Amino acid sequence: MLFPKKTRFRKYHQKCYKTKETKNLFLSKGKFGLKAVQNKELNAKQLEATRKNFLKKGNKGVKIWLNFFPHFPKTKKPLESRMGKGKGNVDYWYFFVKTGKVLFEFDGFNQHFIQMVKKNGVKKLPFKTKLIFKNF
């Protein structure tokens, strides 16, 4: 599972992003990619499941780049615990995906791999995505 080696603080405040992405809007490395259409949290387990699905379905010639990393901790208090006594322990690590961000980039693919990404690959993600291609 993905998590950072070292962080500045052990626990963070919860953030709420309702804005659109301004930096990572276009493909930089690959020839086609997945772009987010909704704002949503993506935790490390979902990211790992999606990445493994792409690697399993793609051949050895397919190259995959991730443009994000889960570096925010999400805390949770244990069930049936009383109020107070501080913030809970870290439950999982997540990354907040903004609308318009390019998540995955692919290179060295064929038509079969594109159809697989449309059908099976995006089922692991908790938000809507669309395919984008580099203009030649």
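Residues are numbered from 1 along each chain as its sequence is written. In this predicted model local features need pLDDT of at least 70 and side-chain atom pairs count only at pLDDT 80 or more, while totals for chains, interfaces and linings use all residues.

Me: In what order do the four strands of the open sheet lie?
Reply: Strands are DSSP runs of E with at least two residues, numbered from the N terminus, and two of them pair if DSSP finds at least two bridges between them. Strand E3 (63–66) and strand E7 (129–133) are the edge strands, each pairing on one side only. The pairing is antiparallel, and the order is E3-E6-E1-E7.

Me: Which residue in E7 stands opposite Leu34?
Reply: Strand E1, residues 32–36, pairs with E7 in the antiparallel sense over five bridges. The residue in E7 that stands opposite Leu34 is Leu131.

Me: Why is strand E4 described as largely enclosed by the rest of the structure?
Reply: A residue is buried when its relative accessible area is under 20%, exposed over 50% and partly exposed in between, with a 1.4 Å probe and protein chains only. Strand E4 covers residues 72–76, and it is largely enclosed because the number of its five residues that are buried is four.

Me: Which residue in E5 stands opposite Pro73?
Reply: E4 and strand E5 (residues 89–97) run antiparallel and are joined by five bridges. Opposite Pro73, the residue in E5 is Trp93.

Me: How are the rings of Phe68 and Phe104 arranged, and what is the pair called?
Reply: Rings of Phe, Tyr and Trp (its six-membered ring) pair if their centres lie within 6.5 Å, and planes under 30 degrees apart count as stacked, over 60 as edge-to-face and the rest as tilted. Phe68 lies in the loop between E3 and E4 and Phe104 in strand E6 (residues 102–107), 36 residues apart, and both are buried. Their centres are 5.9 Å apart with the planes at 80°, so the pair is edge-to-face.

Me: At what angle do the ring planes of Phe106 and Phe113 lie?
Reply: Phe106 and Phe113 are both buried, and they belong to one aromatic cluster that has Phe32 and Phe54 among its members. Their ring centres are 5.4 Å apart, and the pair is edge-to-face because the planes lie at 75°.

Me: How many charged residues line the largest pocket?
Reply: The lining includes Tyr17, His71, Phe72 and Lys101. Asp, Glu, Lys and Arg count as charged, Ala, Val, Leu, Ile, Met, Phe, Trp, Tyr, Cys and Pro as nonpolar, and the others, Gly among them, as polar. By class the lining has four nonpolar and three polar residues, and the charged residues number five.

Terms used
Heavy atoms only, no water. 1 Å grid on protein atoms, 1.4 Å probe; cavity = no way out; pocket = protein on both sides within 12 Å on 5 of 7 lines; lining within 4 Å.
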